[in-house]
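Reader: I'd like to walk through this model with you, one question at a time. Shall we begin?

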Amino acid sequence: MDHGEHHHAHHEAPPAATWGMAAQATLHCLTGCAIGEVLGMVIGTAAGLSNLATVVLSVALAFVFGYALTMRGVLRAGVDFRTALRVALAADTISIAMMEILDNGVMLIVPGAMDAGLSNWLFWTALAGSLLVAFVLTTPVNKWLISRGKGHAVTHQYHQGH
């Protein structure tokens, strides 16, 4: 049975996507993104990296932590590493990419935020605001994806003990 047939056997139709489901999926994704984003911004700022290098580091770490958190849950369902990685890539890539475009965009457009330094309230306020913007604007995208059996919906069979 290929992956498509396997998935179809568990779900005849995509799940009814509620705003609550979308918000929960976005919050799950945001957790990994935020860990990577904050860590990347802190490392880049502390190391005196350029804005571009700091953003690249933040984006890379956001994807690593985002995928890792999803994989952790999927691996607990007893699947192999490769399957868990495929599920994480399918579940989170669009959501993480959208969040990273949004939160890094906010950090770059807030005057002085990237150069403020770790002890400056502007840095932390802009970073918190950027994550909030990413959450608010990514939730409708995740709702749309879930309603089509895509995005975070692909993890549901692993969270329900199938």
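Reader: At the start of α4, which backbone nitrogen does a side-chain oxygen of Asp 80 reach?

Author: This is a predicted model, so please read each value as computed from predicted coordinates. At the start of α4, a side-chain oxygen of Asp 80 comes to within 3.2 Å of a backbone nitrogen, and that nitrogen belongs to Arg 82.

Reader: What is the nearest side chain of opposite charge to Glu 100, and how far away is it?

Author: Glu 100 sits in helix α4, which covers residues 81–109. Its contacts beyond four places in sequence include Cys 33, Glu 37, Ser 58 and Phe 63. Glu 100 is buried and has no salt bridge. The nearest side chain of opposite charge is Arg 72, at a distance of 18 Å.

Reader: How far apart in space are Val 55 and Glu 100, C-alpha to C-alpha?

Author: Val 55 lies in helix α3, residues 51–76, while Glu 100 belongs to α4. Along the sequence the two are 45 residues apart; in space, C-alpha to C-alpha, the separation is 9.1 Å.

Reader: Does Val 55 count as buried or exposed?

Author: Setting aside residues up to four places away in sequence, Val 55 touches Asn 104, Leu 108 and Met 114. Its relative accessibility is 14%, and because the cut-off for burial is under 20%, Val 55 counts as buried.

Reader: And how does Phe 65 count, given its relative accessibility?

Author: Phe 65 is also placed in helix α3. Leaving out neighbours within four places in sequence, Phe 65 is in contact with Gly 32, Ile 35, Gly 36 and Leu 39. At 28% relative accessibility, Phe 65 falls between the 20% and 50% cut-offs, so it counts as partly exposed.

Reader: Let's turn to α5. Where does α5 bend, and which proline follows?

Author: Helix α5 has 27 residues, 121–147, and reaches 39 Å between its end C-alpha atoms, close to the expected 39 Å. At its start, a side-chain oxygen of Asn 120 is within 2.7 Å of the backbone nitrogen of Leu 122. The bend of about 30° is at Thr 138, and the proline that follows within four residues is Pro 140.

Reader: What covers the buried residues of α5?

Author: The buried residues of α5 include Phe 123, Leu 127, Leu 131, Thr 138 and Ile 146. Among the elements that cover them are α2, residues 19–46, and α4.

Reader: Finally, how many helices does the protein chain have?

Author: Buried residues make up 43% of the 162 residues in the protein chain. Read along the sequence, the pattern is α-α-α-α-α-α. There are zero strands, and the number of helices is six.

Notes
Residues are numbered from 1 along each chain as its sequence is written. This is a predicted model: local features need pLDDT of at least 70, side-chain atom pairs count only at pLDDT 80 or more; totals for chains, interfaces and linings use all residues. Side-chain values use heavy atoms; hydrogens and water are left out. Helices (H or I, at least four residues) and strands (E, at least two) are DSSP runs, numbered from the N terminus. Buried means under 20% relative accessible area, exposed over 50%, partly exposed in between (1.4 Å probe, protein chains only). Lys and Arg count as positive and Asp and Glu as negative; His and the chain ends are not counted. A salt bridge is a side-chain nitrogen of Lys or Arg within 4 Å of a carboxyl oxygen of Asp or Glu. Contact means heavy atoms within 4.5 Å. The expected span of a helix is 1.5 Å times one less than its number of residues. The bend at a residue is the angle between axes fitted to the seven residues ending there and the seven starting there. A polar contact is a pair of N or O atoms within 3.5 Å; within protein, one must be able to donate a hydrogen and the other to accept it, and residues adjacent in sequence count only if both atoms are side-chain atoms.
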